[in-house]
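Before reading on, take a moment with the sequence and the model. The paragraphs below go from one chain to the other, and then to the contact between them.

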Amino acid sequence: MSGTFIGMPAFPKAAHEAVRDTTLRANLRHATHTIRDKRAVAVAELADWAELREAGKQIKTETLHSLDTYLVQLEEAVTAAGGTVHWAADAAEANQIVTDLVKATGESEVVKVKSMATQEIGLNEHLEAEGIRAYETDLAELIVQLGEDRPSHILVPAIHRNRGEIRDIFTSEMGKWGREAPDDLTDSPVELAEAARLHLREKFLRAKVGISGANFMVAETGTLVVVESEGNGRMCLTLPETLISVVGIEKVVPTWRDLEVFLQTLPRSSTAERMNPYTSTWTGTTDGDGPSAFHLVLLDNGRTDALADEVGRQALRCIRCSACLNVCPVYERAGGHAYGSVYPGPIGAILTPQLRGTTSEVDASLPYASSLCGACYDVCPVAIDIPEVLVHLREKVAGQGGKGHRLEKVAMKAAGWVLDHPGVLAAGERAASKTRALHPRKLPGPGARQWTESRDLPELPAEPFRDWWKKNRT
Amino acid sequence: MRVALFATCVNDALHPSTAVATVRLLERLGVAVDFPAAQTCCGQPQFNTGYRRETEPLVHRMARAFEGYDHVVTPSGSCVAMIRDNYPRIGSKARAEGRGDTLAQASDSLVPRTYELTEFLVDVLGVTDVGAYFPHKVTYHPSCHGLRMLGLGERPRRLLEAVKGLELVELPGAEECCGFGGTFAVKNPDVSTAMGADKIHHSLSTGAEVLCGADNSCLMHLGGMLRRQDAPQRALHLAEILASTEEEPFA
């Protein structure tokens, strides 16, 4: 498996393989159900959860409405605090800015805090091509990196791996990147964590450049916030001389006061904790305390396009908690890789097609990768109506034609005409009922074949309801 | 009180027994029901597949067909959710596109009068014991639209619990989607089937003879899988259980 998502097949094709992988299915079922149940308990503890959810939605909505104002305020505050702000329109620009900044330090390696934005732009691959080695330091990201794998979950990117698989990866790969795993490493969580700790420690102590993302940026003070569980992020944020943070422009909040809401809803929604173990905040630079140089790269990369869409823009409220992934029945069975993006699951199905467009096969298939069951909307801590956006994006995909949708449109129009002519509909229903003895169990043709592969067709009735009504009630 | 039945296209063509049961049940409870023949489909399959404009004529048709009725009752949670959640969106999008108010008016007129069957029974008629008799072991799948979009809550369960002879058993993982999802079932057949297989595994684990639901589209998917496996369980709409009595038992 390669480390990038480029050239992914459409979701149904990728999922076709995934649902047959019994190890993957077992890993995902166990992990998602465990987090799902814990989250429900953590959320139920708060009597004012509905109000917090609504407040989070309002704060994000109003911030996005005046995003230009808050970003300029943020830039002024970061600059005043000793940081430097860079604006990147797309992934290429962001990668170039970061590469130039690292090269200017004379270093050829960096340590990384877990970051979705840098995954999104493929920063590690870009740095590698420029001769700079990026070390992931989040435990799960380390597993993905060592396994030359792709992340399959926003919060727990190695969710598709079980302990035995992780032990094997550590044993065979750690030595290639630095300190080897112990020879007698077992799959006990304590031993695995200790092996990772020793492996990473030498990277923390050596690195001169750290790269991060951020969960929030506070416009009024220019403060960045990273929430995490392991403390490895804090190592990267405090030990290096230079810190470079790549952050999506939608991560800004106006004031510290706003964090009151999100620092309650984010940990409970993501890890089901009342409070995450490490919350790091930093404002520019401080002499003799932490990095002496701080660069903030503000990333657009399709976000202003999403912002222009009145229905789709709500996806930018996302705080990357992953609750929607953990509750999603489709994600649970197809796995994260099928989504062909670093943003899998329901939020990925609405975010990716907005950030990347819907021209590729996989991106055009993502809005359809949902049964619209609504479980994602229920758990979203910023009340993103994911089903609404999915259907909205389906309209865009259907409108652009393309594979499968031209015929579908003809069929929809034909069905629409029949349904607008009840007499014709009734005649069709009668014809189907009369020939019911002739219908086979499995049918060919688009739609019918996919249906009858695993399910019998309904047994057709002797007559449609409207004929019963005519005979018995009129 | 003028009450109309919205049978839905799925029930009209494929499951008329559910619509017949709804008529018999309501008549038994003293409600005179009408079936306006101009009705066809609410447009949910088209809308949810991305064909909003193709859905618009059906919104008009629905509003015209049910004009003048105090209540429009339908034995389908997903069709009610389509009307309640999406007709207003169709109306406001048309307005935003400068195509007038007629769709919004059609939506405004129909939405407040539309009821899912268990809502109508419990909220409007105020009954939970409908005098039904069904001596079988039953488990209930709540279906996503009824559970999450409409918030039917305990209504179906209260109705089932009052049925004489019926033994209601808990369905494990009841809140999880069955995998039907309209065109999802054919656009993503592998995931849909995997979800359905898990639902049926849970359903069969209860030992129930009947898997009951309030949405025949989900039951068409689950029932089709049960029949394919020759499983000792059948899918059956709630209305057919509630219509069954000691004098006229379910056939």
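The model is a predicted one, in which local features need pLDDT of at least 70 and side-chain atom pairs count only at pLDDT 80 or more, while totals for chains, interfaces and linings use all residues. Residues are numbered from 1 along each chain as its sequence is written, and chains are lettered from A and ligands numbered from 1 in the order in which they are written.

Chain B has 13 helices and eight strands; helices (H or I, at least four residues) and strands (E, at least two) are DSSP runs, numbered from the N terminus. The C-alpha trace of chain B spans about 55 × 45 × 30 Å along its principal axes. Its radius of gyration is 18 Å, which agrees with the value near 18 Å that a compact globule of 251 residues would have. This radius is taken over C-alpha atoms, and the globule rule is 2.2 Å times the number of residues to the power 0.38. Of the contacts in chain B between residues at least 6 apart in sequence, 75% join residues at least 24 apart. A contact here means that the C-beta atoms of two residues, placed from the backbone, lie within 7 Å.

Now turn to the strands of chain A. Strands of a sheet pair through backbone hydrogen bonds, either parallel or antiparallel. Two strands count as paired if DSSP finds at least two bridges between them. Strand β2 (residues 109-112) of chain A runs parallel to strand β3 (residues 133-136) of chain A, with four bridges. Two bridges join β2(A) to β4 (residues 209-212) of chain A, also in parallel. Val111(A) stands opposite Tyr135(A) in β3(A), and its bridge partner in β4(A) is Gly210(A).

Another four strands of chain A form an open sheet with mixed pairing, in the order β8-β5-β6-β9. β8 (252-253) and β9 (278-283) of chain A are at the edges with a single partner strand each, so one side of each has no neighbour in the sheet. Strand β6 (residues 223-228) of chain A is antiparallel to β9(A), and six bridges join them. Within this pair, Leu224(A) has Trp282(A) as its bridge partner.

Which residues make up the contact between the chains? It takes 49 residues from chain A and 52 residues from chain B. On the chain A side, helices that each supply at least two residues include α1 (11-18), α19 (386-399) and α20 (405-419). The residues of that side divide into 28 nonpolar, eight polar and 13 charged. Ala, Val, Leu, Ile, Met, Phe, Trp, Tyr, Cys and Pro count as nonpolar, Asp, Glu, Lys and Arg as charged, and the others, Gly among them, as polar.
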